[in-house]
Amino acid sequence: MMRKRLCLVMFLSLMSGSTGSAHAEYADVVINRQAEKNGMRPVVFPHWFHRIRFRCRVCHLELQFKMRVASNIITMGDIIDGKFCGACHNGEIAWSVENCDLCHSGKPGLPSGIYGSDQTNGPGRF
Ligand code: HEC
Ligand code: HEC
Ligand code: HEC
């Protein structure tokens, strides 16, 4: 069901051009709103990596990610239910949630924010 919906989402996204631009297109986004408080390392989201594969609207419209660092309240419960990152990281479109360390890969203490300006320059590459 979720998968079907996402295929539709991706199809629709191919039909429309992307809009807007920001330096986040090329960077890594660190999300550490609640991760470390809950005993996990900060999340490193390689924006550039996803941006070259998907249209902006897939995430910022269909999946409802607000376009501001750490402005989204994302819980693992939501992700497991197929929302936010979990719309794709479900073992079908991309590797699944069991791979904690692939997302929670930030250096301890790293605050939320945008890091680097291209793929060779992010906190995800320690
Ligand atoms: C696909 C990426 C991804 C994977 C895989 C992932 N997480 Fe997360 N996780 C996130 C994001 C994004 C947040 C939100 C971080 C924030 O706001 O600080 C989060 C938040 C959390 C939180 C705090 C919020 C809450 O729901 O309690 C905990 C605890 C957590 N993750 C544990 C885990 C564990 C344990 C695993 C492996 C079983 C895991 N995560 C796998 C992306 C992921
Ligand atoms: C795979 C999902 C995904 C795609 C595709 C995507 N983004 Fe994002 N974007 C995110 C996430 C996740 C965040 C961080 C949100 C957070 O920290 O809560 C973000 C953050 C941003 C921000 C905030 C930067 C800041 O300064 O706070 C901007 C601007 C942005 N994206 C623009 C874009 C544009 C423009 C595109 C298309 C060219 C795009 N995004 C494609 C998921 C995506
Ligand atoms: C629209 C679909 C989509 C969403 C939403 C999405 N991802 Fe991904 N992500 C992918 C795909 C596809 C890959 C590549 C998977 C593969 O290589 O098997 C990937 C790969 C990754 C990688 C590995 C990048 C690398 O360098 O290999 C990380 C880390 C990651 N995602 C984190 C996240 C986090 C954190 C979120 C939520 C904030 C998220 N993703 C949301 C589709 C998505």
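Buried residues make up 21% of the 126 residues in the protein chain; a residue counts as buried if 20 or more other C-beta atoms lie within 10 Å of its own, as exposed if 12 or fewer do, and as partly exposed in between, with C-beta atoms placed from the backbone. This is a predicted model, in which local features need pLDDT of at least 70 and side-chain atom pairs count only at pLDDT 80 or more, while totals for chains, interfaces and linings use all residues. Residues are numbered from 1 along each chain as its sequence is written, and chains are lettered from A and ligands numbered from 1 in the order in which they are written.

Next, colour the chain by secondary structure. The protein chain has five helices and three strands, arranged along the sequence as α-β-β-α-α-α-α-β. Helices (H or I, at least four residues) and strands (E, at least two) are DSSP runs, numbered from the N terminus.

Select the strands. They form an open sheet in the order β2-β1-β3, with antiparallel pairing; two strands pair if DSSP finds at least two bridges between them. β2 (43–46) and β3 (113–115) stand at the edges with a single partner strand each, so one side of each has no neighbour in the sheet. Strand β1 (residues 28–31) is joined to β3 by three bridges. Within β3, Gly 113 is the bridge partner of Val 30.

Now display the side chains of the largest nonpolar core, which has 13 residues. Such a core is a set of buried Ala, Val, Leu, Ile, Met, Phe, Trp, Tyr and Cys residues joined through C-beta atoms within 7 Å. Among those with the most contacts inside it are Val 29, Ile 31 and Phe 45. β1 and β2 each supply at least two residues of this core.

Which residues come nearest to ligand 1? Of the 22 residues around it, they are Arg 33, Ala 35, Thr 75, Cys 100 and Cys 103; a residue is near a molecule if its C-beta atom, placed from the backbone, lies within 6 Å of it. α4 (76–80) and α5 (100–103) are the elements that give two or more residues to this shell.

Finally, select ligand 3. Of the 20 residues around ligand 3, Phe 45, Cys 85, Cys 88, Ala 94 and Cys 103 come nearest. The largest share of this shell, three residues, comes from β2.
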